Structures are given as C-alpha cells and as structure tokens.
Amino acid sequence: MTTRAAWPALPALILLLVFFLFPVVRMLGFSVEAGTLDWYAKALGEGLYLRVFWNTFEIALLVTLFCLLLGYPLGFLMATTTPGWATFGFICVLLPLWTSVLVRTYAWMVLLGRNGVLNRTLMESGLTTDPLPLLHNFTGVLIGMVHVLLPYMVLPIYGAVRRVDPAIPAAAAGLGASSARIFWRIYLPLTLNGIFAGSVLVFVLSLGFFITPALLGGGRVMMIAVLIEQQVRETLNWPFAAALSAVLLVFTFAVYAVAQRFTQSEATR
Amino acid sequence: MRTGKGAGEGSAELLIEGVAKRFGDVVALDHVSLQVAQGELLTILGPSGSGKTTLLKVVAGFETPDAGRVTVGGANITALPPAKRDIGMVFQNYALFPHLSVKANVAFPLEMRNVGRAEIDRRVGEALAMVELAGYEARLPKQLSGGQQQRVALARAIVFNPRLLLLDEPFGALDRKLRETMQLEVRRLQRRLGLTTIFITHDQEEALVLSDRIAVMNKGAIQQIATTTEIYERPANDFVADFVGESNILHGTMSAPGLVALPDGRKLMVDSEAAPGAKVGVLMRPERFAPGGINEFTGEIVEAVYLGTTFKLRLACEGGQELLVRQPARGPLPAAGTTITVGIDPEAIHVF
C-alpha cells in the first residue's frame, strides 16, 4: 500500500523489541523450561484456576457492560452539548485518566469501606442500619474498575457521535421521528463502531487489570492478574505464573483478533 | 417593497408573519412576513448571511423565532417541534441516512407515521418511480452518484405527502449540466404534485428558472417579493437590481416628468411617473443597449469579452461613468481602446 520509508519508526521498534518483546518471550520460556506442558495442564485443567479465568472473564464482561451503560450517555451528551459543557465533560473524564490508578483506587477504599464515607452517609441519613459490604468483594472491584476504565469507553463513543453529521438527526426529526426513534434508528446504528471500539478496549484492559482488583478485592476477588502476581511474589512459582500469563495473552489476542475481523467487515461493507 | 401579482392568487398555504430572530448582536431575521399560495413555488434568494437559511429553519422548526408566527393551512405551527410539522425537506448535502438502503431511507417518514408494510412498499415504489430510481432500492447512499442521492432525498421528502416542501440549496453540489436537469425535474414534479414549495438559493439564475415568485432577502429583511420577470425588469431597489442579473445602476433626481438629472449633469429620458424633485435610482440592463437608442453613451472600450452569443463590453464613458454593455456577437470582437456609441430607449430604463 505504501512505499514510505519505515526508518522513523525504528527507535521505537528497537525499544519495544529489547525492553518488551524480549522479556515477554523470555518469561514465557519459563513455562516450558521443564520440557513439558505440565504447567499449562495445571492452569487449564484444575477447577480452581479455571474458576479464576472464568471470574476474570465475568468481571471484564460486567465492567464493559457498566462502562457502556454509563459511558454512552456521557459520550453522547459531550458530543451534542454546547462547547462549554463539552469542555467541562472532557475535564471530568480526562482528569481521572491523568491521575494515578493507585491514587484513585485508594480513594475508592476511603469511600467504600465499612466506615467509609458512603456507608457513614447512608447510615446517618437512616437509609441503612448496617454498613453495606462494598469493599473487598465483587461489588467493590466492579465499582473501582468501571470508574478507572470509563474514559476508555467514553472517548471512542464521543468520537463516533461527533462524526454523525448533525443534519442527519435533524432530517430524521423533520421526517417525523421522535427523539427516541432518532436514537434507536439513527444515532445507535451510526455509532456502533464507537461502541464496539470502546467495548473491546475496556474488555481487553479489564482482562489483565491488576491494581484495582488487588486492592479493592482485598484478596477475596481473584482475577487472573492477581493470581499471577501471587504466584510470582508469594509462592515464587515462576513457571506456573508464566503459563498463566501465556494463557491470558493468547485469550487477549483472540479477543482482539475477533474484534479486528468485525471492524474490518464493518469497514468494507 | 413591492408585491407581485402572484401573491393574491389562491389561498395562502404558508403564512409567515413578523418573524424575528437574533443571534446575540446579529439580527438574522428582521420581522419578515410573506405568504406562499397553495401549489406555488417561492424562491428565497439572497447572499450568504442574508437570513434565508434561518427563515427556512424557522419554517422547518429547527429554530424558534423570537417573535412572529408561522401558519400552515391556517394552523399555527410556530411552537411545534419539527417532527409534528408534516414538512418535507431536502437538505443541502441531502442528509441521507448512510446506514440505510435507498428503500429504507424513503420508507423512513412512512414508518415514523406507522403506515402498514404493504402501503409503505407501494408508496416507496411510487416515489422512487417518480424520481426515476426504480431498481435502486437495495443500494446504500454512498453507492449512488450525487444526482441519484439528490433524487433519493427528494423522494424521501415527498413520499409522505407533506403539506410543504422545503429545498435548501439542493443543487449546490451538482455539476452544471446535472444541476440544470435536476432543476427542471424538480419543477416538473412540484407542479405535478401541486406541492407548496419554498426553495432557498443564492444563485439568481436558478431562482429565475424555477420560481413562480422570488423573495429577495438581504440583511435579514425581504427586499422584494415578485414574479421572476418583475424582479428582473422592475427591481425595487439597488440591492435587488444588483443581485439579480447584470446591471448598470445610476442615481439621480427627477428634473422634469420623464427626465432624470444625473450628478454629472447629464439628463436621461425615462419612462417614469416619478414626481420632479424625487431622488431615484436608474437601472439599465446591459443587454438593453442598442445602436441608435435615444439616450446615447459614448465611451472607450476598456474590456471586451466574447461569450458565444454576446460580446460583453465594459465602457469608460465621458464623465467617468462605467457601463456594462452586451451586444449580439456579430462580426469581429471590438478591440479595447476603440470608442463606440451605444444608446438605450426610455422604455428600457427602469426607474425606482
């Protein structure tokens, strides 16, 4: 397609090769060092570990779903409101993105704990009598991850809505479509690519997410990245950690490949 | 402001009364009033920024006026949302739904009105046949040429028998040849269906081709509403005279009945009943000059252009007056620098 020289990309390629690809390959090598696939058999054969994979998948799916439910209206509003409000929306979406995930996750711990801001407010206002279990469980992980990953959903959707020529929904209104019908018949189909891009991004990021599930899950919500870290740091079982990483990597690639196919068939239609 | 003959004919299907709209300090519409008769095609002609698009948006419901009323068929629609107005509109860039087939695009307004499947099929078929696009039902808009997209937009705007058809500079994106074809086609269709139509354009030639009447707009106000010939032959003011067609506009004072004194002392014989002493504008169309006309102008040719059927000559006359003259292209093109004399009869001069 293009005959332009590739050399400007060379420094970055070398950097990736030396500091990313090489360590990954080296690490994956650990998993088959013994010359057998035993560690893979363990990762994929034992119910305990399959459960962790399933858990990860389930959380990633739910996080994606909630990000979509929250992110679509937000992205949509930002794309269709006045420039002033759009800027305000951008600040709200991007500010967290520029803040460390660690800081944000600790902030959620302050908010969600047994004596956290949220529970105290709820009890003082008389809405609940006992503190709600919001931290160190599934709910906490979900809340934290949705918050951290929301921008990755909002931005592609914002972009997709912005690409819709404003004359098109106006034409639909002029032809007799109510706001609801304009949304279902016009905006939604025309922004599917943004929904898709945001969902894949959030889902893939969720699969390997570590800090938030580790801190907000308090060791009770086991996601694959948390398990890998445990194997490396606590049980020092590097080959098994490597095997788990390989499975995660393959799964992530698979998701990505399927997504790629979809967007391509969409583009060539 | 003059009102042409067409205004009184038939019943006023669309009535715009005292519509005003400002955006911040900018007055987009300065209390505009006009009426369009049942089945009439009225063109709103004006340069960009004249308020014509804002007026169309007010009629379509995309803008709410600060003051005034819009009535269609006797019903006040000023506060109705676009979806409830029953107005078909063709947008500048057609605004076809890119993800829907031609058929689904045209079926859209019918679906919004909960028309039955069989009825939709029948009416979409009819509408597409009318714009000569039968057989293109399954195509997507991007698989069509500009002219075909335009036809789809037109079919979509008329398929639900709207009370009013609005055309917002619909031919701007088409090349000249196609534009002319589409203009005639739209005109034919509009007549056949008896659709009350407002057409927006900045192209005066297009306005002359298509319209029953033309409303010329400038700076948010209507300068003149009249039939096409009236607008061209008897413009109401400088702006209209200048905007529609080529023109030579002079200003002077009536010195006696039928005599205009120009600032340089020249006197022009005109066919006008304006009272002596009145300040008047004088319009002389370039093609109305002929050798031997009663009011003579002598000048040096500054520029001579051959335009196929006519020569377009720019004359520098005595007294510094510049004149644009068109003459039938017969014989060799007069050379620049030669001095010629042209004349114009009193009846060919319009005084306003």
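Reader: How many cavities of 30 Å³ or more does the rule count?

Author: The count is 3. This is a predicted model: local features need pLDDT of at least 70, side-chain atom pairs count only at pLDDT 80 or more, and totals for chains, interfaces and linings use all residues. Residues are numbered from 1 along each chain as its sequence is written, chains are lettered from A and ligands numbered from 1 in the order in which they are written, and side-chain values use heavy atoms, with hydrogens and water left out.

Reader: Which residues line the largest cavity?

Author: Lining residues have an atom within 4 Å of a point. From chain A these are A:Ala170, A:Ala171, A:Gly174 and A:Leu175. From chain B they are B:Ala60, B:Phe62, B:Pro82, B:Ile87, B:Met89 and B:Phe91. Helix H8 of chain A gives the most, with 3 residues. Strand S6 (87–90) of chain B also supplies at least two. Helices (H or I, at least four residues) and strands (E, at least two) are DSSP runs, numbered from the N terminus.

Reader: How many residues of that lining are nonpolar, polar and charged?

Author: There are 9 nonpolar, 1 polar and no charged residues. Ala, Val, Leu, Ile, Met, Phe, Trp, Tyr, Cys and Pro count as nonpolar; Asp, Glu, Lys and Arg are charged; the others, Gly among them, are polar. The lining of the second largest cavity divides into 3 nonpolar, 1 polar and 3 charged. Its residues include B:Asp264, B:Arg266 and B:Glu318.

Reader: What is the area buried between the two chains?

Author: About 1,600 Å², with 65% from carbon and sulfur atoms. Buried area is the accessible area (1.4 Å probe) that two parts lose on being put together, summed over both.

Reader: Why is the pair B:Glu111 and A:Arg185 called a salt bridge?

Author: A salt bridge needs a side-chain nitrogen of Lys or Arg within 4 Å of a carboxyl oxygen of Asp or Glu. Here N to O is 2.6 Å. The pair therefore passes. The count between chain A and chain B is 1.

Reader: Why does the pair B:Lys21 and B:Glu63 tie together parts that are apart in sequence?

Author: Their side chains meet in a salt bridge at 3.8 Å, N to O. B:Lys21 lies in strand S1 (residues 12–23) of chain B, and B:Glu63 in the loop between helix H1 (52–60) and strand S4 (67–72) of chain B, so the pair ties together parts 42 residues apart in sequence. Over all chains, the structure holds 27 salt bridges.

How values were computed
On a 1 Å grid over the protein atoms alone, a cavity is a set of points where a 1.4 Å probe fits but cannot get out, and a pocket is an open set with protein on both sides within 12 Å along at least five of seven lines; lining residues have an atom within 4 Å of a point. Grid points are joined across faces, edges and corners, and a volume is the space filled by probe spheres set on the points.
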